[in-house]
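This report describes how the secondary-structure elements of one protein chain are arranged and how they touch each other. Please keep the sequence and the structure in view while reading.

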Amino acid sequence: MQLHLLDLLPAGTAAIPIRAIDQANWDNVTAALTPVQRAYAGTTGFTPKAGRVCLLPSEDGRLERVLFGLGDTKAAAHDSFVAGRLVALLPEGRYRFEESGLDLADAALAWLMSSYRFDRYKKAAAALPVLVAPESIDAEAVLRIARAVAAGRDLVNTPSNGLGPAEIEAAARALAERFGAAINVTSGEELEQEFPMVHAVGKASTRPPRLIDLTWGPADAPRVTLVGKGVVFDTGGLDIKPSSGMLLMKKDMGGAAAALSAAEMVMGSGLKLRLRLIIPAVENAIAGNAFRPGDILTARSGLTVEIGNTDAEGRLILADALSLAEAEKPDLIIDFATLTGAARTALGPDLPAFFTEDDALASAVETAGREAIDPVWRLPLHAPYASLLDSKVADLNNVSGGPFAGAITAALFLRRFAPNTKRHVHFDLYGWNPSTKPGRPEGGEVQTARLVHQLLKTLYPAD
Ligand code: BES
Ligand code: MN
Ligand code: ZN
């Protein structure tokens, strides 16, 4: 694990100052520079465009100060994580932010999130610049978030031969241990009895499927349940994916990673709630005993499901998990899943879709997404589309026959298994950064975890 790498130096440590410059305050900053520095900035053509740096030398050639362009911070396209760029632009050393218009908590988080490296199989090439904790921020809170994000990214980035259902269980057990949570794992014959669709999807793998169920916090506190899709690899099953579609399918446990990451943040910040985390962990593999197109499964809830496509496996395992979640009538259920290609077609890789029937909750989700710089977009649970899942031989089919509204029909499928929980949010996320952006290095990403932490902080504040 790379946890130890993510740290901030204690506030007050001597370090090279970074001055963040908005288009609007550039003139004031220039006026305050020494004549040599002003000339140097001019010669090197520095302007405060977003993400540009100027390394200002002292008289004797040391790095004395850094100018960092923010661009137009009022522009709609402005990236609040822009400070994350500094990690790749600055030489190794110690740095601190001068107070300026920049939100230093966001800047420190962006810095740490950009400093993430997946080094389990290949050691990182160069040492990175390190940041001194800004005086004005809660550095522990920022570190908690950055480390939970890193832990989740590690899970997504670890290839499936290094991360099976047992390793997801181990990650959940480690969290339970750390925070004094109770944990219960169901597998084998009991899984077949209790969670028949989790068993059906996972049974063709040499690595047995299981349902992980963690509980933390006082029994009388408001109950919030997180459910994460933990498909450690998705071949598509007998409806096998083409090679291009299978290449990234180690990330099909991105929902479980997001749920674990959010749980780590929630428990770490001691929110006043009773948290439950449910992860069905399976590999959607191919073997003689694999579930087949045309099979009819009986869900935990008793509903029968005709398998129209074995590649729509995520909704099957989530269905049984949602039945379990709903049974104790929680205040709120949030599920996270790399569920459909259709959500990606609609919104692209950076913008997870979310669904909920509750408009007030939807607005709270949007606000939390903005506050946590973890953007999402709402899609409708258009009830008439539920008929697209009709089956002639079972209560419902796991897919619709046609090409339309795939993310919505998947969400409507899930709703059939938590019909009485109005406060239910479903996130359909990608779990991957296709290319590096500030705070978002290429590779596995735990989308919506910071949003959910922010949302729960607002709904159930710690005292
Ligand atoms: N894990 C995939 C969805 C996915 C694919 C997410 C690519 C992100 C990137 C899921 O299990 C799946 O295969 N969904 C199918 C559903 C279809 C068979 C109705 C899909 O979206 O094509
Ligand atoms: Mn699939
Ligand atoms: Zn899948």
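How far apart do the C-alpha centres of domain 1 and domain 2 lie? They lie 38 Å apart, and the contact between the two takes 15 residues from domain 1 and nine residues from domain 2, where contact means heavy atoms within 4.5 Å. The domain assignment of the protein gives residues 16–132 to domain 1 and residues 158–459 to domain 2; such bounds come from an automatic or database domain assignment.

The model is predicted, so that local features need pLDDT of at least 70 and side-chain atom pairs count only at pLDDT 80 or more, whereas totals for chains, interfaces and linings use all residues. Residues are numbered from 1 along each chain as its sequence is written, chains are lettered from A and ligands numbered from 1 in the order in which they are written, and side-chain values use heavy atoms, with hydrogens and water left out.

**The five-stranded sheet**

Helices (H or I, at least four residues) and strands (E, at least two) are DSSP runs, numbered from the N terminus. Five strands form an open sheet in the order β2-β3-β1-β4-β5, and their pairing is mixed; two strands pair if DSSP finds at least two bridges between them. Because β2 (53–57) and β5 (130–131) stand at the edges with a single partner strand each, one side of each is left without a neighbour in the sheet. β2 and strand β3 (residues 63–71) run antiparallel and are joined by five bridges, and Val53 stands opposite Phe68 in β3.

Helix α2 (residues 35–43) packs on it, touching β2 and β3, and its direction makes about 145° with that of β2. Helix α4 (residues 104–114) lies across β1 (16–22), β4 (94–97) and β5, running at about 155° to β4. Angles of this kind run from 0 to 180 degrees between N-to-C directions, and the axes are lines fitted to C-alpha atoms, for helices over the stretch in contact.

**The three-stranded sheet**

A further open sheet has three strands in the order β11-β12-β16, again with mixed pairing. Its edge strands, β11 (296–298) and β16 (396–397), each pair on one side only. β11 pairs with strand β12 (residues 304–306) in the antiparallel sense over three bridges, and the bridge partner of Thr298 is Thr304 in β12.

**Helix pairs**

| Helix pair | Angle | Distance between axes |
|---|---|---|
| α11 (residues 314–327) and α14 (residues 406–415) | about 30° | 9 Å |
| α6 (residues 165–179) and α10 (residues 254–268) | about 5° | 11 Å |
| α5 (residues 139–157) and α10 | about 160° | 9 Å |

α5 is therefore roughly antiparallel to α10, as angles under 35 degrees count as roughly parallel, over 145 as roughly antiparallel, 65 to 115 as roughly perpendicular and the rest as oblique. The crossing of α5 and α10 is right-handed; a crossing is left-handed if the near helix is turned anticlockwise from the far one by less than a right angle, and right-handed if clockwise. Among the residues making this contact are Ala148 and Leu155 of α5 and Leu260 and Glu264 of α10.

α6 and α10 are therefore roughly parallel to each other. Here Ala172, Leu175, Arg178 and Phe179 in α6 meet Leu260, Ala263, Glu264, Met267 and Gly268 in α10.

α11 and α14 are therefore also roughly parallel to each other, and α11 passes α14 in a right-handed crossing. Arg315, Leu316, Leu318, Ala319 and Leu322 of α11 make the contact with Ala410, Phe413 and Leu414 of α14.
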